[in-house]
Amino acid sequence: MTSPNSHRTIIIMKMKKLILGLSILLGTTPAWCAPVETASPDGKLRVSTDIIGGKPVYSVSYNGKTILENSPLGFLSNEGDFSTGMSFVSSEKGTVSKSFDQDKIKKSHIDYNANRLVTTLKNAKGGEVSVEWLVSDNDIAFRYLIPRQGEIGSMVVEKEATGYRFPEQTTVFLTSQSDAMIGWKRTKPSYEEFYITDVPMDTVSEFGHGYTFPALFRVGDDGWALLSETGVDGYYCASHLSDYTDGVYTIAYPMPEENNGNGSASPGIALPGATPWRTITVADNLAPIAETTIPWNVVEPKYDVQHPARPGRGTWSWIVWQDNSMNMEDQKTFIDLAADLGYENILIDAGWDQNIGYDRMPELLGYAREKGVNPLLWYSSSGHWNDIVQSPTNKMDRPIVRKKEMQWLKDNGVQGIKVDFFGGDKQETMRLYEDILSDAADYGIDVIFHGCTLPRGWERMYPNHVGSEAVFASENLIFQQIFCDMEAFHATLHPFIRNSVAIMEYGGTILNHRMSRDNNSGNTRLTGDAFQLATSILFQNPVQNFGLTPNNLTESPADAIAFMKDVPTTWDDVKLIDGYPGRYVVLARRHGDKWYIAGVNALKEPLKLKLDLSSLGLKGDKGTIYADVKGKELKAKELKMKKSSAVPVEIIPNGGMIIVAE
């Protein structure tokens, strides 16, 4: 005999099924249905969201393997706690599909398809927040959507609970967040610290402030995950990861001391509003990590420009010849070098206003134009937040003087600038980046940032953004021998980490054997010439200012110079061929119909590989190879590739190779 309670239970279950069926049909889910899941179009990548003990959490799996265990969501604000005491309100599912062309990044055409989930939660006081998820094959992007809270139309987000809880077997590839107001003239943090690689998660960061984005994680044999963020603009601050605490990394905001204490460390947001996207790229191999386009897939251009950005190659005297080269004669020499190489640009670096002077600059700029070379001029961003003496200073930090300077640049035919020494991730600093880019666009000027933060989707958001450093770049090879000693190690990291999520203005390919003007003193380069050529392919930035010097035209191998005369800086596609961060990498980039396959070796022994190039769709069975051979000068040779799935190559320690094929 069935009891009345059993009848009621059966009726309630049937009602729930009916409501759930109608909700699924309408694309919504009622509050009591948790956890809520969504998956990538191919079904391999899955995200599950839930509330446990009033705390919202999410988990991630790939091919049935756990990548992230229940990880915290939510935030604390001056208008309430949205991380505890939470309950489900509803969820809604849908899809996102778009195609777009994008210059300046690793691919010129992108087709993006994702499944969308928006889960709405409320706290104990009835305040609501939604978490928007976009899940595509190998990529997750999520952010908080914050509506008005009754009559409240503004909010300060004081702290995020957002975190990442990896399985215990995970090892990390990370670079530390610096102390504020240290380093050269108190200009840090500037994303220029050493990496730790393949170490346990509880490894403490160098300065005790956690780690910068992007951050790479190996989940044992189960997969890889790359964390970053995108869509950061003047309406929010940039974030980083905390140290590993209680089994989790959490989102951390800038330190109050950054930028000499100017500006708030916590972002203010107008309601309704949205936080930046946090991104997670997941796979069981490294190819989707190196090839991801998620930083640009979920953002849109913020303004139009009268002309597209001007990619190109350039020379600059400062990287090897240093400060003393900032004079009229040496700059004309490097303009001549750019013309001889067929390069589009010359970067005229710090001190031009004092050593050459505003009154004589029209002569130099006119000389460049006569030679068909576009000048790029250096500026300091400061300002009132560091001690920089390199000039011009106080030209880019405020709108009135900035626009006056940009009018002068436009009047003198300057179409690009490099702005240096920012030193912070606060919302106020993000506004400065955005203001410089926006004003420059009005005057037809492209912008490179140096001594700066990671660009977070900016290549697409700001059409005239053409470069950001945010890495241990080539200048460090000049400063200390240890950077020369570690050059190969760092080069094998960037395609998987830093350069995977944003363009990277490295300024490399130095063919001098010694880091000095006379090529006979200073730090010693340990890497081969083919290694240096390979970095021009591995390190992707639309404006590449290479470290070549006039003596290279006669002292360096002729085939190396011939290669550098033809090397492109924009790309249509990218494919990871092989590699492991910190050990070696072989990466292929396509420009038009031509593939450039570049590899470098940071191991202590020769690396013998059989490269699978079948995914490139090569038309022929021959190519040209440039490879370092111990004790021999670099020479280009024909390479026969009868079997594209097993092309044999050998890369010596601290050496490199490039295959060019169609």
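1. Helices (H or I, at least four residues) and strands (E, at least two) are DSSP runs, numbered from the N terminus. The model is predicted: local features need pLDDT of at least 70, side-chain atom pairs count only at pLDDT 80 or more, and totals for chains, interfaces and linings use all residues. Residues are numbered from 1 along each chain as its sequence is written, and side-chain values use heavy atoms, with hydrogens and water left out.

2. The loop between S14 and S15 holds methionine 181. Its phi is near 60 degrees, a positive value in a residue other than glycine. Methionine 181 has 14% relative accessibility and therefore counts as buried; buried means under 20% relative accessible area, exposed over 50%, and partly exposed in between (1.4 Å probe, protein chains only). Proline 189 is also placed between strand S14 (171-175) and strand S15 (195-200), and a cis peptide bond, with omega about 10 degrees, joins lysine 188 to proline 189.

3. Two other loops deserve a check. Alanine 470, in the loop between strand S28 (465-468) and helix H11 (475-479), has a positive phi near 50 degrees. At 4% relative accessibility, alanine 470 counts as buried. As background, most residues other than glycine have a negative phi, and most peptide bonds are trans.

4. An open sheet is formed by four strands in the order S7-S6-S12-S20, with antiparallel pairing; two strands pair if DSSP finds at least two bridges between them. Strand S7 (80-81) and strand S20 (268-270) are the edge strands, each pairing on one side only. Strand S6 (residues 75-77) is joined to S7 by two bridges, and leucine 76 stands opposite aspartate 81 in S7.

5. Strand S33 (residues 607-611) pairs with S36 in the antiparallel sense over five bridges. Lysine 608 is opposite glutamate 650 in S36. On strand S36 (residues 647-651), Val647, Val649 and Ile651 make up the covered face, while Pro648 and Glu650 make up the uncovered one.

6. The largest nonpolar core has 173 residues; such a core is a set of buried Ala, Val, Leu, Ile, Met, Phe, Trp, Tyr and Cys residues joined through side-chain atoms within 4.5 Å. Helix H9 (residues 427-442) gives the largest share of this core, seven residues. A second, separate core of 22 residues includes Leu613, Leu639, Ile651 and Met657.

7. Among the residues with the most contacts inside the largest core are Tyr164, Phe166 and Phe563. Leaving aside neighbours within four places in sequence, phenylalanine 166 is in contact (heavy atoms within 4.5 Å) with residues including Ile67, Leu68, Met201, Phe217 and Tyr249.

8. Helix H15 (residues 529-538) is largely enclosed by the rest of the structure, because 10 of its 10 residues are buried. Among them are Asp529, Phe531, Thr535 and Ser536.

9. Glutamine 532 is placed in helix H15 and is buried, with a relative accessible area of 2%. A polar contact of 2.8 Å joins its side chain to that of threonine 527; a polar contact is a pair of N or O atoms within 3.5 Å, and within protein one must be able to donate a hydrogen and the other to accept it, while residues adjacent in sequence count only if both atoms are side-chain atoms. Not counting residues up to four places away in sequence, glutamine 532 touches Glu487, Thr509, Ile510, Leu511, Arg525 and Thr527.
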